[in-house]
Structures are given as structure tokens and as C-alpha cells.
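This briefing covers contacts, domains and local backbone features of one model. The sequence and structure come next, followed by the main points.

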Amino acid sequence: MRNTRIRRIVLDTGIAAAVVIAMGVARGVYSNELMLFNFIIFLALAQGLNIIYGFTGYLPFGYVGFYGAGAYGFALVVMHLHAPALIGMAAAGVAALVLAVILLPLLRLSGAYFAIASMAAAQAVYEIVANPDLEDITKGPYGVSLADVFAPAFSYYTALAILAATLLLVVWLRNSRFGMSLQAIRDDSISAAMAGVSVVRGRTIAWLLSALIAGLVGGVFAWHISVFYPDTAFDLSVSIFATVFLLFGGATTLCGPLLGVFILYGIYNVIGIAVPQYFQFTYGALIVLLVLFLPNGLVSLLTSRGIRVP
Amino acid sequence: MRSKALLLGLLCAVAAQTARAQPPAPAEIKIGALYASSGPYASISMPVSAGFRLWVDQTNANGGAEVKAFGKKIPLKLIAYDDQSSTATAATLYNQLITRDHVDLLIADSGSVLTSVGVPIAKEHKQFLFDVSGTGAAFFTDDNPYVALMADPVSTIWPHYISDFLADDGAKAGIKTVAILFSTNDFTGTQAAALKGFFEKDGKVKVVYYQGVPTTTSNYTVLINNIAAVNPDAVLELGYVGNDIAFLRNLQDSGNQFRFVFSIYAGVEKEEIEKNVGASALTHIYTYVPPSNYEYVPEVGMTQKEFHAAWDKKYPPGSNVTFGANAVYGYMTGLVVERALATAKSLDQMDIHDAVFALSGKLKTLDGTFILRKDGAQIGEVTPLGQLQPEGKDALTLVAVYPPDMANGKAVIGK
Amino acid sequence: MLIGAIIAGIVFGLYYTLVGLGLNLVFGVMRIVNLAHGDFLMLGGIAAWWLFTTLGLHPLASAGLVIVVFVLVGLPLYYLVVPRLLRSRDSEMLSLILFFGLSQMIEAVTTIGLGATERSLPPRLLGVGPIILFGTRLPKAWIFSAVASAIAVLLVYLYLYRTRLGTLTRAVMVSRDEALATGIDVNFVSAVAFGISIALAGVAGVFAPFILGSITPNMGVAINITAFAVIVVGTLGNPLGTLLGGIIYGVSLMLMQTYLSSWANLLPNLLLIAVLLVRPEGILGRRVRRA
């Protein structure tokens, strides 16, 4: 029993390490660094979303709100305080956490209500950041330029570090008592509460962790891309992509979201470069077919046969 | 000792030889470009892309572009990707064009938002970015030689003639107050702020209403009623195409009359706006006179009339792109590329930069005179102020009314 | 200005009732969110534009045609997609994703076929010039769309409360499983509701050129976000509550435009969150919180 658990942890950690190392090595081999960077961004975001959706069943459609908050947290500190990039990264995390705390009451909602309310919250944050009345603080709709701290290599490896931490967090959740209790809450919150699991505490921690990851990813995105508009940082398609990747691969697992990103975002880039004219249609059709024929994700092909997927 | 010196001399000679030797001329010049076939920027991006393609096809039909670096004509190969109005996708694709396709020349997508992500990428890879119409102030800095704005002026100087006209002819006709309603985005927000500054500096016309609305605003009825309540002589509405259509329709519906009404796209995309709003709602509206409606005398490339004819031939009515300023912007960018290739010492990106900047003040096209500030911002090509005046029944003509040296008609100011 | 904004808000809000009505009906009956609702609205607008430019058909006539065609499109679409979707573990969530995919497909096909430019219908078709209502100038088209919306609400009410199929629909809304157990053809009932929903979106689309100025292939997403706000404020799952939601949205939007215009878009989002948190069952009631 104990041995299987250790073996699982070793296997999970091995997979996480393999992904991180592969993405690190890829930078030296493949020259389109931004494509690799976007892969890292979505790998981390899909896993961050996995923490809240896979382990608690809450699907925040406005997940991009934390990402945008992180990007602007980074930008504000760097622009106004001329702080070094790593301080900016800390600010990105703090910004997302503050937003997550403000939005804690949303966790009282269920299902689609929660999803929609979180989307409205992300939109609201965007409207505030992009408002010209706040130009002196956020630069409003005119966008920010962070050329002073531009450092493609450093920011790339920082993103990789965030990804590594995120993957380890998921490994821990999958193999710890805390993670198990979260899943118990997701499946039946009333029984879990009766069994002595603190429902509110568990959900709150998962929510904050998930927001923190998105915030850090947003911060490192701001750092790496260095010139952007509010529309870029709060682009709803970031949420949608992360969600689609997660669902396609299969939530609650470590491999599911990884596969989701590698396969779907891979296809996205291949189609985008090879046959751009039918890009949007092909992608839309792919999503429809996936939901209809693989609603529980790729990993369900194995799990439904009783095979454990890391 | 002597043999060493000999060797050194030999090495030097070899080095000099290699430095002087021309690399073999490539079979084609690779031009990378992005466009957005869908999403919010599609309506400005597609005509630009179509205009640029027209130039590429025309050039190739003549055997290619004259490339000074190789002393001969070389065909162009356009590698164009669809970013679907997504900046994340655009970033990847800009990088793809530079690092995988190794394009010789890099053309940005239209508008500031989709251009923005390309600016740092181009700078990082030391690739010169032909910025078609991204006017964002943050793009142009003295420490970045790898960007220049091709086809329209930066937003801070663009609206100059509006305030000049109102302070001059307007004030004479008794216009004392102005209302400014703008969409809160980079392009129109910057123009609104600049205008407000001009009016305050001139001190002739007073700004009595200054409000921003979200760019997604699609109904202006209450806003127009509110503007009417402060009773301004002039109303300036600065928005994107969709905003202008909604504003102009709502203005007509509301029955409110103002002595001077300005909208950007009424002229800039005249065909499109006229189709959507109808001639009656556009009569006597002031607007910019874009190069698609003004006869500059070009020294390079086609005249506006010739270009319009070529456009109609390639994209006959009923095809999905409309002729307008953006069409000219695409073609204009092609002309800059053409002149740069014909004068650059080599295809090295700094040589391209030098060639493009050398055109400043000298290149006269159907888009006016191309003038670059040191940091790459476009300060030429400022469009005159115009007015849509009736011409026969149900038809409108766009008359340039200011400045006097560019005017081809007289302004009609409402009573 | 205050009175003017309120009157304009009520009339304008009625249009948004029409926009949200179908979305809410589908959510009420199937517990799924049709993220492509705004795209069906766009298609309705395109249909009206096409019928006018090729056949010279008046938009009010187009509206009738659109209803018939869109119901006929909605029925097979339901059978193709929804029953399969409802069998999955978390259909409410997955519906967001699935219909997002559909929305992308619709936008892509429209863009490929027609290009991305703005399209509209001449204002004169619904009358140029203002109608003065309690001293407030309103476009004639607003009155037309408000009346159309009122008729639509009335018809949906009559359908739900005065027809046999409507009674069955309400039974499915209360509990899909129990309705199934009592032998109701749940799929047929739902398919009709789906068809009606799409038709309502189509009709709203026919008026869109007059209310929103123009239509573009990518307008769907923005419409959806607003429609969500409207139906959540007015009670999710209760189609008639949409009326209240639309009016509240319209009035508050116009007040924002009057007093704090650049913040106007913040409003629907804050309204939505506030309503969900303070009165999550919606203004007209129904429990949605968990734990």
C-alpha cells in the first residue's frame, strides 16, 4: 500500500520533471521561442485551472481575470516603482491573490452561476484597468511598455520554474490527504462535511492556489511580451483555451491537461501556420466533436477501463 | 617571422575577399505578414492585407522587385498568417516569421493592438518591422530603430486640422462650444485627448462636453440627447467603424441638429459607412479626407484613380473587402517596401532601416508625403479635413475644406 | 436627463429582453448555456440583410420567415448535439465549451462567406426621425423592437401556460428526471424549446441593424455576455423573469451613459455579480447556492 503510493509519487514527479526538462531543452533546439513560451503558459494555466476545477468542481470561466491581474500587478510595480522584474513577479502573485480574496464569496454559487459570475468579474476588472480615467495609474486603454526589464531568456526560465512548481503542486494534491479530501468535497460536499472535512477551508485554499498560479503566469507573460494592451491581458480566449485544453485531456489527472495542451495547442499552431484560411472553423469543429465524443477527456479512454492514469 | 607576416597578410586578403564578395542573389525575397480574417480587427485588417497583396501580385507580374543589393529584379514571396485578431497568436506568428521562415522583410498586422506584440519581438531579433497602421505612442522610442509607421500619422498629430478649422473658419462663423464623445481605445482616445489640448491652447472654442464610452458601445440615443442638453455648436464623435455607424444612425433618428458634426470613418471608410448609414444621415458631416478620396500627385506608384481601378478589377464589387483608406494603407506599405528594396545596400535589417528612413520627406505617393520622425513615428500623410456634400440625388461627394492649400471646396457650416 | 434616461432605458431594455429570452428558455429547460446564442442572433441579422438586398423583403416580413426557418434549424440541431451532451458527467460546464466551438464555426463560416465588414439595413425601413415619448426623443426602430419583444414575451407566456406542450415543458424545467419517469417525451419537448430559442435569437437579430447600428460576424460574444447579465439579473431559468432583467439592464445602462459614460460597460458585470451574491436565486427566486 505504502509502496504503491511512493511508486505513484515517483512516477508523477518523473512525468512533471520530464515535461519541464523537455521545455527547457526545446528552447535550445527550436527557434520560435514565443511558441514554446506560449506552450509553457498554457501548460501552467491548464494545470492551475485543474487545481480548482479538477479537485473542487468549480469552473471559473473568468480565469483570465487572475492572469490579467498578474500582468498588471507586474506592470504597475515595474512602471511606477522601477522595481526589478522579480519584485514585479511577486506583485503579480499578490495582485491575483487579492483579487481571489475579493471574489471568495463567488464560491457560494454553483455550476454555471459560478462560471458566469467569475467571467463577469474578469470583465469588470478589465473595464477598470482599461478605463481612461485611470490613465495615470494603469495607462488605461493606451497599453503599457516595459522595455526596461525586457529579458527573454530570464523570463522564459522563470515561466518554466512556475510551471515546475505548478506541476509539483498537482502531484502533491493527487497524492496527499488534502487532495483526497478536496475530491471528496467535490463529489459530495455534505457527506464530506459530515466526515469531518472542512469544506470551506479546502475550497478556499484550492481557489487561492489556482489564482496564484494564473497571476504568476500573467506576470511572467507581461515580462516576456513587454508591450501589451488591456485587451491582450484580459483576452477571454485565454480562459477558453485553458478550459478546452483541460477538459480535452481530462481533469484531476496530471497527464490529462498536459496532453490537452500538447495535442490541441500543437494542432492549433500547425493549422494556423499550414492552413490559416479554415483555422477558426476547423478549431471550432474540433471542440464540438471532442465534447460530444470524449466528454470526460482523453484519459477517460483508459480510466473507464479501470486503468490508473498519472 | 616573415612567414608569419605572410600568413597574416594572406588571411587579411582572404577576409577582405569574403567581405567584398556578394552572397549569391536569392531566388525570391521573402516577405512575412499577418492578417486577421476574423475577430474585432478583421474589418480593418482584411482591406490592408488585400491592398498589400495587390502590390505583391503587380510587382511579381513585372518580374519582381528591383533589389539594389543584388542589382537585379527578384520575385517576391508573401508568407501571410492569420492571427484571428488574437494577440497571443499574433506573437507566436511574428516569431514564426522571423525565426522559422527567416523572412527578409516583416510587415505588421493592422491597428495598434495587433502590432503591439510584434514591436518587442522585432526589436529582440533585430528585424525591422514595417508597422502599417499601429499608431500606439509606446511603439516609437529613440532606442528602437527596428520599427517605423508607414501609412497613417500618429494619433497625436492627426486631428490637428479639426481644431485649426474650428478656431479659424469655425470661430468666424460663430462656433463657440464643442462636445467631444470618444471611444475609449488607444486610437480614438489619443485623438480625443490631443483635440482637447488643442482647443484649450487655441482658446477660441470651449469644450463643454468631454466623455469617453466603451468601444463596444452600439447605441448613442441617450448620449446624443445628453449632448443636446448642453447645446454645443459642434459635436466631434471619435470612434471605430461600428461606433460611427451607430452614432450617425442614432443622430438622424434623434432629429437633433448640430452646426458641425465630425466622425472619423464617415470619410475614412466612406463606401462602407454610406452603405450602412445612408446618404441622408451623412449629408454635411465633417470627416477626414483619406487618401482613398483625395488626389495626391504621386511620384511613386499608381494614382488614387488608377489604384481604385486596379482594386475593382482584383476585388470586384460583391467580394468581401471594401475599398477605403485601409486598402490604400496596404498598397502604400508595398510602395515603401519597393523603394526600400530599390535603395538598400543589402538586406541587412539596419540597411533596410536606413533605406526606409532615407525616404522620409522624399517619398510622395497616393497617400501623401511620407515623413518619419527620428523614432519611427509617421508625421507626414496628415489628412485634410473634409465634408460630405450632396452631389445630385442620393449621392455624396467628399470635399476637402481645410487647410486652404489642400482644399477643393468650401465648408458649409450649419445654421 | 434623468427621466429621459429612464424612459429610453425601459424601451431599450425591452430589446435586450428579446435577446435574452431564448437563452434563458434553453437554460431553464436543458440546464445548458448556449454560448452560440449571440451567433444565431447575428445569423438572423444576416438573413434580414440578405432577404432585403436580394429580394427587397421588408424586415418585418423577414422576421416571420426567420422564425419558421430558425425553428426548423433548431430542431435537428438539438437532436444532433444536446441529448449526447446531457449524458456527460458535467453537462452544464461542457455546454459552455461545446457551444463556444459551435459559435466559432458559425463565425468562421459567415466570415468566409461574407467577409468581416459591417452590414446594415436602411434606417428608413422602420421609419426615420424621432418619436417623442414623455418628452424623450427615441428612434422609431426602438419602439418597433420593444413591441416585437413584448409580443414575443406574451407568446412565450401563452405557450408555457396555455398549451399542452408548454405544460410539459414546465414539467421538464422542474425536473428532467421526473418528467422522464412520467413518460414525457423529454427530448421532443426540449427540441421544441431549443427551436423556439433559436428563433427568438433570429428575430432579435432582424432588429439588430436598427438597434445596434450594424451587424458583424464577430458580434456574438459581446451579445452573449450582455444576454447573460440580463437573464441572471432577471432570474436564470425563468424565461419571464427576462423581462425584468432586460428593463433593469436597459435603465441602468442609460443612467451610466448619462452620469459615468466611460464606466458603462462595468455595469452589467457588477450588476450580475451583485445579484448573484445578494440574491442568488434571482429577483424572482429559485435556489442556486450550494453548501
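How many residues of domain 1 of chain B are in contact with domain 2 of chain B? In this predicted model, 17 residues of domain 1 of chain B are in contact with 13 residues of domain 2 of chain B, where contact means that the C-beta atoms, placed from the backbone, lie within 7 Å. Because the model is predicted, local features need pLDDT of at least 70 and side-chain atom pairs count only at pLDDT 80 or more, while totals for chains, interfaces and linings use all residues. Residues are numbered from 1 along each chain as its sequence is written, and chains are lettered from A and ligands numbered from 1 in the order in which they are written.

**Domains of chain B**

- Chain B is assigned domain 1 (29-153 + 295-369) and domain 2 (160-294 + 383-402); such bounds come from an automatic or database domain assignment.
- The C-alpha centres of these two domains of chain B are 29 Å apart.
- On the side of domain 1 of chain B that touches domain 2 of chain B, helix H14 (residues 325-343) of chain B has the largest share, with 3 residues. Helices (H or I, at least four residues) and strands (E, at least two) are DSSP runs numbered from the N terminus.
- That side of domain 1 of chain B has 7 nonpolar, 8 polar and 2 charged residues. Ala, Val, Leu, Ile, Met, Phe, Trp, Tyr, Cys and Pro count as nonpolar, Asp, Glu, Lys and Arg as charged, and the others, Gly among them, as polar.

**Contact between chains B and C**

- Chain B and chain C each give 38 residues to the contact.
- Elements of chain B giving two or more residues to the side that touches chain C include helix H2 (42-61), strand S9 (206-213) and helix H9 (241-254).
- H9(B) gives the most to this side of chain B, 9 residues.
- The side of chain B that touches chain C divides into 13 nonpolar, 22 polar and 3 charged residues.

**Local backbone features of chain B**

- B:Ser85, not a glycine, has a positive phi of about 65°. B:Ser85 sits in the loop between strand S4 (76-82) and helix H3 (87-100) of chain B.
- B:Ser85 is buried because 26 other C-beta atoms lie within 10 Å; buried means 20 or more such atoms, exposed 12 or fewer, and partly exposed in between, with C-beta atoms placed from the backbone.
- B:Lys126, also not a glycine, has a positive phi of about 50°. B:Lys126 is partly exposed, with 13 other C-beta atoms within 10 Å.
- B:Tyr402 and B:Pro403 are joined by a cis peptide bond, with omega about 0°.

Key
Contact = placed C-beta atoms within 7 Å.
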